[in-house]
Amino acid sequence: MTAFAFTVGMPELPEVQTTVQGLNRRISGLTIKDAWTDYGSSFHKGKDSIKDAPYFVFFRKQIAGARVIQVDRKAKNILIRIQKGASHSTILIHMKMTGHVMYGSYAFDGTKARDPWTPAPGERASLSDPFNRFIHFVLTFSNSKNVVLSDMRKFAKVTLIADADLEKTIHLEHIGPDPLEKTFTFEVFRDRLQRRPTGRVKTVLMDQSVIAGVGNIYSDEALWRAGLHPEERVGNIPDLLLKKLYASTLQVLKKGIDFGGDSMSDYRNIDGERGKFQEQHRAYRRAGKKCDKPGCPGMIIRKVVGGRSAHFCDTHQKILGRQPAKAKRPVAKISAVKKPV
Ligand SMILES: [Zn+2]
């Protein structure tokens with residue numbers, strides 16, 4: 001696991017958002033005819049995962065004939081909202097390490113033991129990209145088109161949740177606020193980070209229970225832009241720099257979406273095409289290269305922080321000196337203590 005955590009980039013918020021926007025445009029209003037999978041794994045026996053064969057039988061029955069209302073995102077989970085008769089439920093897909101979802105016309109060849117699904121003749125060439133051939137889950141729609149999940153390492157998760165259970169499902173537990181929500185103000189950001197004052201800023205930024213959706217790529221890029229060392233302790237970062245980090249985090253996530261996600265690794269959009277955010281990297285996977293910050297003579301270096309590779313500038317991202325106790329702290333302390341009158 002650890003060894004390839006260094007080489008494989010997991011889809012982060014911008015990639016999931018790009019997929020969700022694409023799916024919403026293509027499958028909203030369509031009716032699901034059938035589902036197929038070859039995930040089958042005894043490790044998932046008895047779990048509410050399509051990797052468990054009996055669960056998949058149930059899943060397939062439940063979704064056949066259902067209509068797609070819309071496609072949403074909660075953190076890095078894709079939520080396909082469906083309706084069948086009076087019952088509303090949600091197909092949850094988490095792409096995990098190497099999964100990505102595509103849409104198109106596919107042909108099934110039952111004589112092939114491996115990779116029986118391939119893009120139908122005449123489909124766009126991008127769907128035949130070598131990263132797109134590991135198809136382990138397929139939905140077939142009333143228009144004969146398919147949603148497929150290509151997942152080289154087979155870590156992705158697909159399950160079905162009745163809408164009545166959405167609020168309490170374990171699949172959506174321990175998720176921090178979403179940085180793309182309007183309610184995600186600087187105060188929310190600061191409050192979330194400061195729950196882990198002794199944590200290293202990169203590790204805390206990437207903790208999905210602190211903030212949803214930021215992973216290795218976007219944390220490196222946000223810290224480079226804010227001029228913060230990835231190992232800086234959260235409690236040691238002054239407000240001014242935290243504000244910079246808040247702004248740069250939002251900036252890189254939005255830029256990631258504008259560029260259609262990051263495809264330095266496996267990620268492809270629903271047309272099987274690469275995103276372009278990897279061309280915007282200033283830090284991630286740029287070890288040994290000169291820093292791009294105007295006037296900075298530094299070099300990008302790589303260091304393992306909290307089990308993940310951090311990429312940062314050796315010059316403009318230095319550990320801060322210990323912050324002298326500011327007047328702010330004693331004032332806050334005094335005001336918190338009720339003085340005897
Ligand atoms: Zn620099």
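Leu-149 touches Ile-93, Gly-99, Val-101, Ile-135, His-136, Phe-137, Ala-156 and Val-158, with residues up to four places away in sequence left out of the list. Touching, or contact, is used here for two residues whose C-beta atoms, placed from the backbone, lie within 7 Å. The structure is a predicted model, in which local features need pLDDT of at least 70 and side-chain atom pairs count only at pLDDT 80 or more, while totals for chains, interfaces and linings use all residues. Residues are numbered from 1 along each chain as its sequence is written.

Leu-149 also belongs to the largest nonpolar core, which has 69 residues; Leu-149 is listed there with Ile-63, Ile-91, Ile-93 and Val-101 as having the most contacts inside it. A nonpolar core is a set of buried Ala, Val, Leu, Ile, Met, Phe, Trp, Tyr and Cys residues joined through C-beta atoms within 7 Å. A residue counts as buried if 20 or more other C-beta atoms lie within 10 Å of its own, as exposed if 12 or fewer do, and as partly exposed in between, with C-beta atoms placed from the backbone. Helix α6 (residues 216–226) makes the greatest contribution to this core, giving 6 residues. At least three residues of the core come from each of domain 1 (2–74 + 76–172) and domain 2 (186–313).

The strands around Leu-149 may be taken next. Phe-137 has Leu-149, in β9, as its bridge partner. Strand β8 (residues 135–141) and strand β9 (residues 146–151) run antiparallel and are joined by 5 bridges; within this pair, Thr-140 stands opposite Asn-146 of β9. Helices (H or I, at least four residues) and strands (E, at least two) are DSSP runs numbered from the N terminus, and two strands pair if DSSP finds at least two bridges between them. β8 and β9 form a hairpin with 4 residues between them, and Ser-144 in the turn has a positive phi of about 70°.

Axes are lines fitted to C-alpha atoms, for helices over the stretch in contact, and angles run from 0 to 180 degrees between N-to-C directions. At the β1 side, β1 and β8 pair in the antiparallel sense over 5 bridges, and Ala-35 has Leu-139 as its bridge partner in β8.

A second open sheet also holds 4 strands, in the order β2-β3-β4-β10, and its pairing is antiparallel. Here β2 (67–74) and β10 (157–162) are the edge strands, each pairing on one side only. From one strand to the next, the twist averages 20°. Strand β3 (residues 77–84) is joined by 8 bridges to strand β4 (residues 87–94), and the two run antiparallel. Ile-80 has Ile-91 as its bridge partner in β4; Ile-91 is one of the residues with the most contacts inside the core described above. Helix α3 (residues 53–63) packs on the sheet, where it touches β3, β4 and β10, and its direction makes about 55° with that of β10. Helix α2 (residues 13–27) lies across β2 and β3, running at about 165° to β2.

The domains come next, with bounds from an automatic or database domain assignment. This assignment gives domain 1 (2–74 + 76–172) and domain 2 (186–313), whose C-alpha centres lie 28 Å apart. The contact between them takes 30 residues from domain 1 and 27 residues from domain 2. On the side of domain 1 that touches domain 2, α1 (2–5), α2 and β5 each supply at least two residues. Helix α2 gives the most to that side, with 9 residues.

As a whole, the protein has 8 helices and 12 strands. Its radius of gyration, taken over C-alpha atoms, is 22 Å, close to the 20 Å that the globule rule (2.2 Å times the number of residues to the power 0.38) gives for 341 residues, so the protein is as compact as a globular protein of that length. Buried residues make up 37% of the 341 residues. Of the contacts with a separation of 6 or more, 62% are between residues 24 or more positions apart.
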